[in-house]
Each structure stands twice: as C-alpha cells, then as structure tokens.
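This report covers selected local features of one model.

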Amino acid sequence: MARERLYLFDTTLRDGAQTNGVDFTLHDKLVIAGMLDGLGIDYVEGGYPGANPADTELFSQERGFDTTFTAFGMTRRPGRSASNDPGLAAILEAKADAICFVAKSWDYHVRVALETTLEENLASIRDSVRAAKAKGREVLLDCEHFFDGYKANPEYALACAKAAYDEGARWVVLCDTNGGTLPHEAEKIVGEVCKLIPGDHVGIHAHNDTEQAVAVSLAAVRAGARQIQGTLNGLGERCGNANLVSIIPTLKLKPEFASRFDIGVSDVQLKSLAHASHMLDEMLNRAPNRHAPYVGESAFATKAGIHASAILKDPATYEHVKPDAIGNRRKLLVSDQAGRSNVLAELERIGIAIDKDDARVSRLLDVVKEREALGYAYEAADASFDLLARRVLGKVPNYFDVTQFDVNVEQRINAKGERVTVSMAVVKLKIGAENMISAAEGNGPVNALDLALRKDLGKYQKYIEGLKLTDYRVRILNAGTQAVTRVLIESEDENGEHWTTVGVSPNIIDASFQALMDSLIYKLVKAGASA
Ligand SMILES: [Zn+2]
C-alpha cells in the first residue's frame with residue numbers, strides 16, 4: 001500500500017519564542033532554522049515580520065533553505081482593505097516561501113476581542129488569503145481557538161476554515177490555542193472538519209496544557225489531518241507546544257504510523273535528532289531534560305544487574321525502539337560497549353579512520369568519561385571532542401605554548417566623573433624558539449584575553465585572520481562543595497563554518513581560556529597549518 005505524506009511544521013522560532021526566558025537573537029534564529037532544515041522539517045516558521053526588528057531583518061533577504069521558510073502574521077484588520085493595512089503589507093513583502101496567517105474562528109472572540117462582525121472576520125480571512133496568493137506565496141491559515149470555537153459554534157468555526165480553503169489556502173490549521181482539548185475530542189472534531197475539507201489540507205497545532213499535545217496531534221492524524229505543527233523540545237508559552245522531538249520518532253519508528261506515512265525526515269536525519277535537541281538546550285543555556293522520551297540521557301539507561309545482562313544478550317528485551325535510531329545511546333553501567341561504539345561513531349563522523357579494536361579507542365573513551373565527569377560536555381562541543389580525539393591518537397602539532405597570561409579588571413572614575421570598568425589582558429607565548437608578548441583591552445576580561453591571544457600568533461596569524469567568536473555561554477555546574485564553571489564558545493571562520501569548544505574550571509577566566517585555546521588550535525588543525 002502506498003504511504004501517505006505527512007508534513008511537519010516547526011514553530012520553535014515563532015510560538016516557541018513565547019517561552020518564558022527565551023529570547024532568540026537573529027543569529028540564534030538562523031542557526032536553529034539551519035538545524036531544522038538539516039533535520040528535514042517541511043516548514044520552518046521563522047517569526048513575525050513587522051512585529052519586531054529581529055524578525056523583520058530575518059525576512060529581509062532570501063535565506064536559501066530547502067525547507068518552506070514561513071512568515072507569520074495576522075489577517076487584515078477589520079474595517080480596512082487588504083491594500084491599506086501596513087501590518088499585512090509587511091508580511092506580504094517578507095522574503096518567505098509561505099505565509100501563515102492567524103485568524104479567529106471562535107465567534108465569541110470575534111465579537112469580544114476583535115470587536116467586529118462574524119461576516120467581516122470571514123471577509124478578512126478571504127481577502128488576506130487572496131492577497132498572499134496574488135503575491136505567489138503558499139498560504140496557511142491558523143484557526144485560533146478552533147476547538148473551543150467549534151464547541152461553542154461549530155458552523156462558524158467551520159465557516160472560517162472553509163473560507164480559507166475555498167480561497168486557495170494550502171493548509172487550514174486547527175489550533176488548540178488554550179491547550180485544554182483532550183485527544184478523543186480532537187479526534188472527533190478533526191474528523192468532522194475532514195468531511196468538509198480534505199485531510200491533506202488540514203493541520204493540527206496543539207498546546208500542552210494537559211500534557212497531551214503529542215497525543216492530540218497523533219489523534220488528529222488518525223482522524224485525517226496531514227500536517228503537524230510543533231516545536232523542538234516542546235518549547236512554547238505556558239506548558240509548551242506539541243513536542244516534535246517526541247512526535248518525529250513516533251512517526252518514524254512506530255509501525256502504526258511508519259507503515260502508513262512518509263515524513264520528510266530520513267532515517268539518517270533521524271539519527272541527528274538527539275543532537276539537535278541537546279544543541280537547542282545548549283543555545284538556551286538550559287540543562288537538557290535527562291528524562292526526555294527518545295532523546296534524554298536516561299531514556300535508554302538501565303541499572304546494572306539482570307536487566308543489563310539481558311539487554312546485552314538481546315536489546316529488544318527492554319527497549320521499545322533502538323536508541324541509535326534517534327542518535328541516543330544505550331547506557332549500561334556494567335559494560336562500556338555502548339560508549340565504545342558511540343566514540344567510534346563520533347570518530348567516523350569527524351573523519352578519523354581507526355580500527356575498531358585499536359586500544360586507543362578504549363583510552364579515548366576513558367578520557368572522555370573522566371572529563372565528562374568533571375563537567376566537560378563534548379556532545380555540545382564538537383571541536384573540543386575532535387581535538388581531544390586527535391590528541392589521544394597523537395595527531396595534534398604543538399603550534400605554540402602560552403607561558404603566562406594576566407587579566408586585569410579595573411574600576412575607576414573617568415574624566416567625566418563616570419564609573420567605568422576596564423579590562424586588560426597580557427599574554428606571553430612561545431612559538432618555536434621565539435618569545436612573544438601581546439596586550440589588549442576589552443569590554444570584559446574574556447574579551448580582553450581573546451583579543452590579546454589572537455593579536456599576534458606569528459607565522460600562524462594568517463590562518464586565524466577570519467576567525468571570530470559568535471557566542472559565549474556560561475553555566476555553573478554542581479552546587480555541591482565546589483561549584484565549577486563550564487564555558488562554551490562558538491566560533492566562525494571566513495568560510496562560514498561554525499564550531500563549538502568547551503572549557504571547565506572553578507575559575508571562569510581559566511575555563512574561558514581553555515575554550516578559546518581549543519577554538520584557535522582547532523582552526524589551525526582545520527587549516528592544515530604545520531608546526
Ligand atoms: Zn500556538
């Protein structure tokens with residue numbers, strides 16, 4: 001039987017950005033959009049052009065993604081024409097492949113919140129869809145509060161959905177905006193909608209207020225919907241949105257769905273899901289949820305004892321799916337087999353060929369375990385892992401030695417009588433037989449250290465000219481007797497390549513120094529510089 005296509009729509013950058021404490025910069029949005037694109041997500045909703053400068057900037061140029069890059073916005077305001085609405089104009093001008101409009105579909109909201117007539121709201125939907133179609137965009141309509149609206153006035157809720165569909169919207173998306181709808185209710189209501197609008201034009205957008213957003217989404221698919229909207233890690237306001245990180249493996253690995261549907265995420269892309277989930281947490285400076293289904297560190301962890309030995313004999317005995325399918329790993333406390341294959345997979349990924357029985361693989365695994373226990377996070381710091389592996393395998397030239405550094409923070413009153421803080425760093429290094437010294441001022445101690453370190457690297461300077469730091473994140477680990485600081489630094493070079501390095505120390509300057517050094521040396525290794 002031919003499988004049907006099911007589409008995934010990610011709104012991490014729009015609805016997910018409503019999460020308390022989440023504030024994406026333009027750079028963050030581009031990195032996350034690239035990650036979603038790489039995962040094979042069909043639609044990535046970038047934001048709301050015209051609503052804030054970062055989102056307007058995001059849609060000011062073509063971004064060249066494979067995904068259908070989507071702009072979000074409101075339908076035209078009541079009482080205005082489509083051509084005389086600046087908000088609508090900003091969305092229509094956005095460099096986007098698709099436009100997702102949001103419109104009210106609950107009669108109560110139309111009257112009370114929008115203060116307009118039911119007919120004017122329908123006209124606004126029709127006009128907005130028509131205007132976007134005329135601009136050559138694919139169009140989606142998010143029907144806000146659809147389920148509550150349907151319960152209050154089914155004819156009107158359906159009329160809103162139908163108006164968009166009849167006008168040529170590719171998708172009509174049923175939103176459970178309050179997040180209170182239960183799976184069996186969603187299944188019934190979506191089934192009613194699909195009698196009027198073909199299911200391959202119907203989407204579901206669920207919120208997690210009863211912790212059933214994933215279940216509601218799957219129920220909607222059973223009832224005929226063929227697009228699922230959600231976010232990475234279930235990000236979203238209040239209790240979050242439907243979690244695509246749980247939905248994707250369910251669709252790919254559970255026979256009920258896998259036998260009926262194809263999604264845009266390939267088996268290979270599925271293997272990068274755990275990594276994507278953890279990367280997002282790192283960007284948000286949050287500890288990943290160890291107990292997250294499929295991708296959490298504990299999702300396939302089993303205590304030592306009879307379970308572990310049974311798992312070694314046959315993993316299927318205790319696991320509902322294979323952990324490596326989503327890029328996670330089995331964690332057994334009695335054996336390092338799982339860790340070994342994980343390290344081998346990482347080495348292969350970064351292009352280091354080594355025999356799987358080579359004794360150095362075990363040594364590398366021991367070093368990784370030791371350092372992860374100290375707080376290093378290699379999953380988030382690909383470049384530091386690369387260097388560590390090359391060092392254990394004896395392949396990193398000793399380019400230079402930092403013999404001493406000195407960082408000074410001074411607060412004083414300047415000539416204008418203002419209190420200012422100035423940081424200065426001095427770095428002494430030895431390149432071959434040559435001793436060098438550089439000093440720099442910065443807007444903070446780490447910035448000063450970075451500038452001094454990169455000021456003069458002698459014969460290596462030409463390799464690092466295009467290097468710049470694009471992100472710097474600090475986390476304080478284990479609040480036990482002694483807190484340690486983990487620093488993650490993201491760097492970029494002239495070719496637009498990105499890499500992340502890590503440093504750990506009780507001292508934040510020292511942790512930063514380690515991460516800065518790794519970044520420089522990684523760049524030299526990558527550039528093929530010789531000692
Ligand atoms: Zn929402």
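## Aromatic pairs

The structure holds 14 aromatic pairs (rings of Phe, Tyr and Trp, the last by its six-membered ring, with centres within 6.5 Å; planes under 30 degrees apart count as stacked, over 60 as edge-to-face and the rest as tilted). In one of them, the ring centres of tyrosine 399 and tyrosine 460 are 5.2 Å apart and the planes stand at 75 degrees, so this pair is edge-to-face. Tyrosine 399 sits in the loop between helix 17 (382-392) and strand 13 (401-413), and tyrosine 460 in the loop between helix 18 (445-455) and helix 19 (461-464), so the pair ties together parts 61 residues apart in sequence. Both tyrosine 399 and tyrosine 460 are buried (under 20% relative accessible area; exposed is over 50% and partly exposed in between, with a 1.4 Å probe and protein chains only). Ring pairs also join Phe59, Phe65 and Phe69 into a cluster.

## Basis of the values

The model is predicted: local features need pLDDT of at least 70, side-chain atom pairs count only at pLDDT 80 or more, and totals for chains, interfaces and linings use all residues. Residues are numbered from 1 along each chain as its sequence is written, and side-chain values use heavy atoms, leaving out hydrogens and water. Helices (H or I, at least four residues) and strands (E, at least two) are DSSP runs numbered from the N terminus.

## Zinc site

The protein donors of the zinc ion are Asp15 (OD), His205 (NE2) and His207 (NE2), at 1.9 to 2.2 Å from the ion (donors are N, O and S atoms within 2.8 Å of the metal, or 3.2 Å for Na, K and Ca; water is not among the atoms, so sites may look incomplete). Their spacing along the chain is D-x189-H-x1-H. Aspartate 15 lies in the loop between strand 2 (7-10) and helix 1 (26-39), and histidine 205 in strand 8 (residues 202-206), 190 residues apart. Aspartate 15 counts as buried because its relative accessibility is 6%; histidine 205 counts as buried at 4%.

## Helix 8

Helix 8 (residues 183-196) has 14 residues and spans 20 Å from first C-alpha to last, close to the 20 Å expected at 1.5 Å a residue (1.5 Å times one less than the number of residues). Its buried residues are Pro183, Ala186, Ile189, Val190, Val193 and Cys194.
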